[in-house]
Amino acid sequence: MFDGESGKIRLGIAKCLLGENVRYDGTHKLDRYIRDVLGPYVEWVPVCPEVECGMGVPREAVRLFGDVDNPRLVGRNSGEDWTDRMQSWGRKKLEFLEKENLCGFIFKHGSPSNAMGRMKVYNNDGRIFYSGTGIWARMVMDRFSDLPCEDDGRLNDNGIRENFINRIFTFKRWRDAMADGFSPAKLVDFHTRHKMLIMAHNETIYRKMGKLVATAGSADPDELKNEYSALLFKALDYRPTVKKHVNVLSHTLGHFKKDITSDEKQEMLKLIDQYHSGLIPLIVPVTMLNHYVLKYGKEYLQQQFYLNPYPAELMLRNHV
């Protein structure tokens, strides 16, 4: 039930993706979807690790070299080693970001400092490995292990894009819910509104979370909050599949069994089957369910973020 929550989502981002000419060759890598479509809902916290650690523009290109799990960042031609300087700058930058209340980070695919993974690492004997992680990206992901992170390359996949944006909006709602302190009532309210959304990601974890919430009146508050948030972020790491969505759509339809007409039920079942068969996108059955929610005044379903998890203008469910 996206309702235009107060405040924009704060996201870290590789500065070049916003169109700033900070790359080694003095160019940018503007991503128009990120800037122009997602941008109105986001307050960006731009970072260019290479420039901010002391490299100029333009500059010698750098690459990852040595051990795949702990590579060095060196100049392609000169061999100048920037690793210690970037890590020293990075530790200070992480302290700054700690206070920024980030709800996610978008890295630059193919960057030796910014790549989340699948980056070339050159070995002493001339071999090339393709499983490296950028120096800065690794520092961010290690420091903020629960933070939703993606890179611009992976975000070209409609399913990954939808899942990432779903995660950052959910992360923001969790932050907002706990902003004034934790209470069992706040936890129960948050979980109630997110039940179907969590179910669409991982039903096993969803059931564990339900049992945990049932202890809200007796469990230690700090332990309860930490355990719940860990399970929430773990569940959201799992991408919803067509099968999972069909399960949630069918479950939602069950809430109308005393209200819906036989023709309406058959129409809804047909839409769910067409979605299952890949003939229509997810937005079609979800839109019809939202129509029935309003028609029959289903207050519980009106509260479910699964049916409206983010602004419709992002058009994410038109493509999954």
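Reply: Helices here are DSSP runs of H or I with at least four residues, strands are E runs of at least two, and both are numbered from the N terminus. The model is predicted. On that count the protein has twelve helices and eight strands. Its C-alpha atoms fill a box of roughly 75 × 50 × 35 Å along the principal axes. Of its 320 residues, 49% count as buried. Of the contacts between residues at least 6 apart in sequence, 68% join residues at least 24 apart.

Now the helix pairs. Two packed helices are described by the angle between their axes and the distance between the axes.

Helix 5 (residues 158-177) and helix 8 (residues 221-236) have axes that come within 10 Å and cross at roughly 165°. Angles over 145 degrees count as roughly antiparallel, so helix 5 is roughly antiparallel to helix 8. Their crossing is right-handed. On the helix 5 side the contact is made by Asn 163, Arg 167, Thr 170, Phe 171 and Trp 174, and on the helix 8 side by Lys 225, Tyr 228, Ser 229, Leu 232, Phe 233 and Leu 236. By class, this contact has six nonpolar, three polar and two charged residues.

Helix 6 (residues 184-201) packs on helix 7 (residues 203-213) at about 165°, with the axes 9 Å apart. At that angle helix 6 is therefore roughly antiparallel to helix 7. The crossing of helix 6 and helix 7 is left-handed. Helix 6 contributes Leu 187, Val 188, His 191, Lys 195, Ile 198, Met 199 and His 201 to the contact, while helix 7 contributes Glu 203, Tyr 206, Met 209, Gly 210 and Val 213. The classes are seven nonpolar, three polar and two charged.

For helix 9 (residues 242-253) and helix 10 (residues 262-276), the axes come within 10 Å and cross at roughly 175°. Helix 9 is thus roughly antiparallel to helix 10. Val 242, His 245, Val 246, Leu 249, Ser 250 and Leu 253 of helix 9 meet Met 268, Leu 269, Ile 272, Tyr 275 and His 276 of helix 10. This contact has eight nonpolar, three polar and no charged residues.

In soluble globular proteins, nonpolar side chains tend to be buried together. The largest nonpolar core has 98 residues, and Phe 105, Ile 106, Trp 136 and Tyr 228 touch the most other members. Leaving out residues up to four places away in sequence, Trp 136 touches residues including Val 47, Pro 49, Met 86, Trp 89, Leu 94, Phe 105 and Phe 107.

Some backbone details remain. The peptide bond from Val 57 to Pro 58 is cis, with omega near -5°; Pro 58 is in the loop between helix 2 (49-52) and strand 3 (62-65). Asn 101 is not a glycine but has a positive phi of about 55°. Asn 101 sits in the loop between helix 3 (83-98) and strand 5 (104-107) and is partly exposed, with a relative accessible area of 49%. Arg 118, in the loop between strand 5 and strand 6 (119-122), also has a positive phi, near 60°. Arg 118 counts as partly exposed at 43% relative accessibility.

Terms used:
Residues are numbered from 1 along each chain as its sequence is written. This is a predicted model: local features need pLDDT of at least 70, side-chain atom pairs count only at pLDDT 80 or more; totals for chains, interfaces and linings use all residues. Side-chain values use heavy atoms; hydrogens and water are left out. Axes are lines fitted to C-alpha atoms, for helices over the stretch in contact, and angles run from 0 to 180 degrees between N-to-C directions. Angles under 35 degrees count as roughly parallel, over 145 as roughly antiparallel, 65 to 115 as roughly perpendicular and the rest as oblique. A crossing is left-handed if the near helix is turned anticlockwise from the far one by less than a right angle, and right-handed if clockwise. Contact means heavy atoms within 4.5 Å. Ala, Val, Leu, Ile, Met, Phe, Trp, Tyr, Cys and Pro count as nonpolar, Asp, Glu, Lys and Arg as charged, and the others, Gly among them, as polar. A nonpolar core is a set of buried Ala, Val, Leu, Ile, Met, Phe, Trp, Tyr and Cys residues joined through side-chain atoms within 4.5 Å. Buried means under 20% relative accessible area, exposed over 50%, partly exposed in between (1.4 Å probe, protein chains only).
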